[in-house]
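Have the viewer open as you read.

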Amino acid sequence: MIIHFICRGNIFRSLIAETYLKSLQIPGITTLSSGTIADETRESNHELGYTANTRELLARHDLAGHAKPRAEQLTQERLTDDQLVICANQIAYDEAVAIAQLPESTIIWDVTDIGEGTRIANSVDQRKRYEEEVFVEITALVDELVRTQRLGRI
């Protein structure tokens, strides 16, 4: 089974989900992630330190070795009908359907990104707290996905 996580830049939420699920090493599960605006934000995300921040977060949780090296843009070619597609939130979903045809079974989570809604970081400490919040939220959602989809532990 292929599980494909989608967010906007593919440097935070979908990368965490992909990396965490990959770290569980469930036989028969392949993980992918993409961003709806990954190509257009790749350089600025790197320059602003967002990419490094996520790498540091993953390292703090001993997951850095499971992370892919760079953000990938969502394209129709990256999607197949047999994938389970999960969008980080409604914003990511709305952008994704403007780019590609998603499977009808697509799941939409409600994970607010840093910089969206009430997760506006005004300091480094606040950003790190939000990173940890999002990490805990996403790993719990992935754990729930593993349980509800019966993805392993046969």
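The largest pocket holds about 400 Å³ of space. Of the 18 residues lining the largest pocket, Ile11, Asn45, Tyr50, Asp113 and Ile114 sit closest to its centre. Keep in mind that this is a predicted model. The rest is grouped by topic below.

**The pocket lining**
- Three helices each put at least two residues into the lining of the largest pocket: α2 (38–47), α3 (50–60) and α5 (124–148).
- The top contributor to that lining is α3, with 3 residues.

**The cavity**
- There's 1 cavity of 30 Å³ or more, and the largest cavity has a volume of about 30 Å³.
- Its lining is made up of Phe5, Ile6, Arg13, Ser14, Ile86, Cys87, Ala88, Trp109 and Ile138.
- At least two of the lining residues come from each of β1 (2–7), α1 (13–23) and β3.
- By class, the largest cavity is lined by 7 nonpolar, 1 polar and 1 charged residues.

**The sheet**
- Four strands form an open sheet in the order β2-β1-β3-β4, and the pairing is parallel.
- The edges belong to β2 (30–35) and β4 (107–108); each has a single partner strand, so one side of each goes without a neighbour in the sheet.
- β4 and strand β3 (residues 83–87) pair in the parallel sense over 2 bridges.
- If you want to find that contact in the viewer, look for Ile86, whose bridge partner in β4 is Ile107.

**The cysteines**
- Searching the whole structure turns up 0 disulfides.
- Cys7 is in no disulfide, and its nearest cysteine sulfur belongs to Cys87, 9.6 Å away.

**The salt bridges**
- The structure has 13 salt bridges.
- One of them joins the side chains of Glu95 and Arg8, at 2.7 Å from N to O. Glu95 is in helix α4 (residues 90–99) and Arg8 is in the loop between β1 and α1, so this pair ties together parts 87 residues apart in sequence.
- Arg8 counts as partly exposed, with 26% relative accessibility.
- Arg13, which also lines the largest cavity, forms a salt bridge with Glu116, where the closest N and O atoms are 3.9 Å apart. Arg13 lies in helix α1 and Glu116 in the loop between β4 and α5, so the pair ties together parts that are 103 residues apart in sequence.
- Arg13 counts as buried at 2% relative accessibility, and Glu116 counts as buried at 13%.
- Glu131 pairs with Arg127 in another salt bridge, with 2.5 Å between the closest N and O atoms. The two are 4 residues apart in helix α5, which puts about one helical turn between them. Glu131 and Arg127 are both buried.
- There's a network as well: Glu18, Lys22, Lys68, Glu72 and Arg78 are joined into one by salt bridges that share partners.

Key
Residues numbered from 1 in each chain as written. Predicted model: local features only at pLDDT ≥ 70, side-chain atom pairs only at ≥ 80, totals over all residues. Heavy atoms only, no water. 1 Å grid on protein atoms, 1.4 Å probe; cavity = no way out; pocket = protein on both sides within 12 Å on 5 of 7 lines; lining within 4 Å. Points joined across faces, edges and corners; volume = space filled by probe spheres on them. Pairing = 2+ DSSP bridges. Disulfide = S-S within 2.5 Å. Nonpolar A, V, L, I, M, F, W, Y, C, P; charged D, E, K, R; others polar. Salt bridge = Lys/Arg side-chain N within 4 Å of Asp/Glu carboxyl O. Buried < 20%, exposed > 50% of the residue type's maximum accessible area, 1.4 Å probe, protein only.
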